[in-house]
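Subject: Structure for you to look at

Dear colleague,

Here is the structure I promised to pass on, and below it I have set out what was found. Please read the notes with the model open beside them.

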Amino acid sequence: VTVGIIDYGLGNKRSVAGAVEAVGGEPLITGDPALLATCDRLILPGVGAFGDGMANLAGRGLIEVLDRLVNREGRPLLGICLGAQLLARESTEFGHHAGLGWVPARVEAIVPDDPALRVPHVGWNDMIQTRPSPLFRDIPEQSLFYYVHSFRIMAEDEDMVTGSCDYGGRFVAAFQWRNIFGTQFHPEKSQRHGLTVLTNFMGL
Amino acid sequence: VLCKRVISVLTFNDGVLFRTKLFEPDYRYTSNFVDAWSIDEIVMLDVTRPGKGNPDNFAEMVREFSRRCFVPLSVGGGIRTLADVERCLELGADKVVINTAALDRPAFIGEVAKLYGSQCVVVSIDVRRTPDDRVFAEFARRPTGKAPQEWARQAQDEGAGEILVSSVERDGSLQGYDLDLCRKVVDAVTIPVLICGGAGNWGHFDKAFTVGGASAVCTTNIYHFTESAIRSAKQYLVKAGIHVRT
C-alpha cells in the first residue's frame with residue numbers, strides 16, 4: 001500500500017514515514033500533485049501553526065488536488081494533529097483562519113477548566129472510543145496515545161466523533177467523516193497502539 | 001487523565017552514547033541498551049565540545065533512533081539557528097532542545113515557535129548552586145546571573161512549550177532530584193516542566209512528581225533504559241499512586 005505523506009513544509013513527515021514503513025506500508029513523502037494521485041492512501045501530517053499550514057497548502061497548490069482526490073474520488077485521508085485540525089471549518093489560533101472545511105468542526109485554544117492543568121497538553125492520555133471506527137480494530141478500550149497540542153478540535157456535528165479525550169474539557173481525539181479520518185494524537189509516536197491505527201488505516 | 005512521563009535523556013559525545021557525571025562523560029555504552037517500548041519519550045543531546053568530533057556522527061545516531069523509536073524524540077546540543085532546527089526535524093526529531101542560544105538571544109525561542117509551534121520548543125535550563133541557584137550557559141560553564149524561575153518564565157513568554165531543568169551538582173549523583181529547584185520552576189510557569197539530574201532510585205521519580213510538581217522525570221542513567229528497568233520503575237510508580245503509562 002502506497003501512503004502519500006503530504007509535504008507542505010510543516011510537520012514531522014520523517015516520523016510518519018518511519019512508522020508507515022514499520023507496519024509494512026510504502027511511504028512517499030511528496031508535495032507533487034501528480035505523485036500524490038498515484039497513492040492509495042493520503043496522510044496530512046502537521047506540527048506547527050494553523051495559519052501557516054493553510055497558507056502552505058494553498059501556496060503549493062495542494063488544496064485543489066487534495067479536494068479532487070479526497071472529496072470527489074474518495075481516497076482515504078488521515079489528518080494527524082495539525083493535519084487533522086486543518087480539515088475543520090475554522091480556527092481561532094492567533095486570529096481567525098478558515099480551514100479546509102471538509103469536516104464539521106472548529107479549532108479553539110485549550111482552556112482547561114482546572115487551572116492546575118498545564119498547556120500545551122503534552123504526553124500520554126486516554127482516547128475513549130465513542131463510536132466504532134475501522135481505525136480502532138485491535139485497540140483495547142481506553143488505550144493511551146501521545147498528544148502534544150495547545151489547540152483542540154470541537155465537533156459541530158457529533159456524528160463525526162469516534163474518539164474523545166478529556167483534558168480540562170472534552171475534545172475530539174479521533175474522527176471519521178466519510179473517507180476522511182483524523183487524530184489529534186500522534187499515531188506515529190504512540191507505540192504499538194499508534195502503529196495499529198496506521199495498520200488499520202492502510203487496511204481500509 | 002494525562003500520565004506523568006518518564007523520559008530518557010541520552011548524551012552523545014561525537015555520536016557515542018555516554019552517561020555523564022557532573023556534566024562530563026563518564027562511561028561509554030552502545031545503543032543496544034535501549035528499550036524503546038517502555039520509555040515515554042527520548043531526549044538525545046549532543047554534548048560534543050565545540051571543534052571536536054564530526055557532527056555527522058550524532059546526526060546518524062538521531063536518524064537511527066528515529067527509525068526505531070515510535071515515541072517522541074527531542075534533539076538538542078549546539079542548536080543555534082533555524083537551519084539547525086530544520087536539520088534536526090529532517091533527521092526525525094519531533095522537538096528541539098535549546099539552551100545557550102536561547103540565553104544569548106531569547107527571541108530565538110519565539111522564532112522557532114512561530115515556525116514549528118511552541119510544542120516543538122523545549123528550553124533547557126542548567127542550574128548550579130552558587131550558593132543561590134543560577135542559570136549557566138555552554139555546558140554549564142558560563143554564568144549568566146539569571147535566576148532559574150525568572151528565566152523559565154521569560155522562556156515561556158517567548159514561546160517555549162516545555163522547560164527541561166537540570167541541576168548540575170545532582171548530575172550523576174544518584175542523590176535524587178533537586179526538588180526545591182523543580183518546585184520553584186514549576187510554580188513560575190504554566191507549561192510542563194521536566195526535571196533532570198540526580199535520579200538514583202524509583203522513589204526519586206515519585207518525589208519529583210508529588211513534591212517537585214514535575215510533569216516528567218528524566219533519567220540520564222543508561223541503566224534505567226536497559227531491559228526491564230523502566231517497566232519496573234513504572235510498576236513502582238503505579239503502586240505509589242502515580243498515573244503513568246504501563
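For the charges, Lys and Arg count as positive and Asp and Glu as negative, while His and the chain ends are not counted; the place of a charge is taken as NZ of Lys, CZ of Arg, CG of Asp or CD of Glu. Counted in this way, chain A has 17 positive and 23 negative charges, and their mean positions are 3 Å apart.

Please bear in mind that this is a predicted model, in which local features need pLDDT of at least 70 and side-chain atom pairs count only at pLDDT 80 or more, whereas totals for chains, interfaces and linings use all residues. Residues are numbered from 1 along each chain as its sequence is written, chains are lettered from A and ligands numbered from 1 in the order in which they are written, and side-chain values use heavy atoms, with hydrogens and water left out.

Chain A as a whole

The secondary structure of chain A comes to 6 helices and 14 strands (DSSP runs, numbered from the N terminus: H or I of at least four residues for helices, E of at least two for strands). A compact globule of 204 residues would have a radius of gyration near 17 Å, and the 15 Å of chain A agrees with this (the radius is taken over C-alpha atoms, and the globule rule is 2.2 Å times the number of residues to the power 0.38). Along its principal axes, the C-alpha trace of chain A spans about 50 × 40 × 30 Å. Of its 204 residues, 61% count as buried, where buried means under 20% relative accessible area, exposed over 50%, and partly exposed in between, with a 1.4 Å probe and protein chains only. Among contacts (heavy atoms within 4.5 Å) in chain A between residues at least 6 apart in sequence, 69% join residues at least 24 apart.

Cores and a buried helix

In soluble globular proteins, nonpolar side chains tend to be buried together. A nonpolar core here is a set of buried Ala, Val, Leu, Ile, Met, Phe, Trp, Tyr and Cys residues joined through side-chain atoms within 4.5 Å. The largest such core has 74 residues, and those with the most contacts inside it include Ile42(B), Phe65(B), Ile163(B) and Phe205(B). Apart from this core lies another, of 33 residues, among them Leu10(A), Leu69(A), Leu82(A) and Phe175(A).

Phe205(B) is also one of the buried residues of α7(B). Helix α7 (residues 202-210) of chain B has 7 of its 9 residues buried, so it is largely enclosed by the rest of the structure. Those buried residues pack against β1 (5-13), α6 (179-188), β11 (193-196), β12 (216-219) and α8 (229-239) of chain B.

Backbone features to check

Most residues other than glycine have a negative phi, and most peptide bonds are trans. A cis peptide bond joins Val119(A) and Pro120(A), with omega about 5°, and Pro120(A) is in the loop between β7 (105-109) and β8 (121-126) of chain A. Another cis peptide bond, with omega about 0°, joins Thr130(B) and Pro131(B); Pro131(B) lies in the loop between β7 (121-129) and β8 (133-137) of chain B.

Glu138(B), although not a glycine, has a positive phi of about 50°, and with a relative accessible area of 36% Glu138(B) is partly exposed. Leu174(B) likewise has a positive phi, near 60°, and counts as partly exposed at 41% relative accessibility.

With best wishes
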